[in-house]
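Subject: Structure handover and notes

Hi there,

Here is the structure I promised to send over. Have a look at it first, and then read my notes below.

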Amino acid sequence: MRLLVTGGAGYIGSVTTAVLLAAGHDVTVLDDLSTGHRDAVPPGAGFVEGDVADAGLVLAAERHDGVLHFAARSLVADSVADPAEYWHVNVGGTLALLDAVRKHDVPRFVFSSTAAVYGEPATTPIPETAETRPTNPYGASKLAVDHLLTSYANAYGLAAVSLRYFNVAGAYAGLGERHVRETHLIPIVLQVAEGVREHIQVNGTDWPTHDGTCVRDYLHIADLARAHVLALDAAAPGRHEICNLGNGVGFSVLEVVETARLVTGHPIPAVEAPRRPGDPAVLVASADRARNLLGWKPEHPDLARIIADAWALTAP
């Protein structure tokens, strides 16, 4: 297939591009490099520097079989401080992209969604049928795009799949997380091991979990990327499918820290801090639908493997 990957110079987009290339697809990356990195675009992929508003120019040049859409703003705190940016980029940008997809008769669309659409869930593991009640503009903007896709599939015959990620980590083909401002637990823990940070801050040790710290579902980036390849094949005209992606197993903050200590051989001091408002105690995915619809299951569910692959890129 000839494919356009928006946001393909970022962490998830670049790894997915590498997996798509390995599967034999012809890939062009569109990225404005506002948060991505030009050297993260895998060899063999075409590259166009621009934002999603430029997608029509790329799609007009050659017939494309699908679009995989990763380009978005994705920091929760920033979305609260500046919601306009998130609505303009995440929703307005995607609407412009979908109009270009429709104009140029692109049949498939795979969307990078998020577990943030569920907010604070009533039960876990979380199925796709759980109530969506995002607690911040970031999650709300992603949910709005899911609604867009449902309407475009119903009205225009688009074959669309939304993949709702839980916590993604690890590395693949020399590509890993490289954020200017890191907000994810595993890379922050590894920064402590590197000596970049003095300690890891544990927000709350009195949660209703087995060790008092928050529990999250961690997924290897290679498994996540592979799901996108499968989603292209599973996409059906006139349907918008939604799948959660996770291991279905949760690890606490303290378990992540202890596993990182074992993997890196560094002490990684942890400091207790107050809870963060809005943090759910447990977020674990039910990925049964991805198994049934996509034929997907995690191949690297081991937390130590996820952390070790990330550490191999960052170890001093």
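A nonpolar core here is a set of buried Ala, Val, Leu, Ile, Met, Phe, Trp, Tyr and Cys residues joined through side-chain atoms within 4.5 Å. Buried means under 20% relative accessible area, exposed means over 50%, and partly exposed lies in between, with a 1.4 Å probe and protein chains only.

Before the findings, a word on the model: it is predicted, local features need pLDDT of at least 70, side-chain atom pairs count only at pLDDT 80 or more, and totals for chains, interfaces and linings use all residues. Residues are numbered from 1 along each chain as its sequence is written, and side-chain values use heavy atoms, with hydrogens and water left out.

**The cores**

The largest nonpolar core has 38 residues, and L163 and L245 touch the most other members. Helix 7 (221-234) is one of the elements that give it two or more residues, and others include strand 1 (2-6), helix 1 (11-22) and strand 6 (159-165). Helix 7 supplies the largest share, 7 residues. Helices (H or I, at least four residues) and strands (E, at least two) are DSSP runs, numbered from the N terminus.

Contact means heavy atoms within 4.5 Å. Leaving out residues up to four places away in sequence, L163 touches V110, F111, S112, S113, T114, A227, H228, A231, C243, L245 and L294. There is also a second, separate core of 24 residues, which includes V189, V256, V257 and I268.

**Helices 6 and 8**

Helix 6 is mostly covered, with 9 of its 10 residues buried. Its buried residues pack against strand 7 (167-169), strand 8, strand 9, helix 8 and helix 10. Just after helix 6, G195 has a positive phi of about 95°.

Helix 8 (residues 253-264) has 12 residues and reaches 16 Å from its first C-alpha to its last, close to the 16 Å expected at 1.5 Å a residue; the expected span is 1.5 Å times one less than the number of residues. Buried in helix 8 are V253, V256, V257, T259, A260 and T264. They lie on the same side of helix 8 because they cover an arc of only 165° around the axis, taken from the directions from the helix axis to the C-beta atoms. The partners they pack against include helix 6 (185-194) and helix 10 (303-314). G265 follows helix 8, and its phi is positive, near 75°.

Not counting residues up to four places away in sequence, D146 touches F111, S113, S162, R164 and H240.

The structure holds 1 aromatic pair. The rings of Y152 and Y156 have centres 5.0 Å apart and planes at 75°, so the pair is edge-to-face. Rings of Phe, Tyr and Trp (its six-membered ring) pair if their centres lie within 6.5 Å; planes under 30 degrees apart count as stacked, over 60 as edge-to-face and the rest as tilted. Y152 is buried at 11% relative accessible area, whereas Y156 is partly exposed at 42%.

The charged end of R102 sits over the ring of Y156, 3.7 Å from its centre. R275 lies over the face of W207, at 3.9 Å from the ring centre. For this, NZ of Lys or CZ of Arg must be within 6 Å of the ring centre and within 35 degrees of the ring normal.

Best wishes
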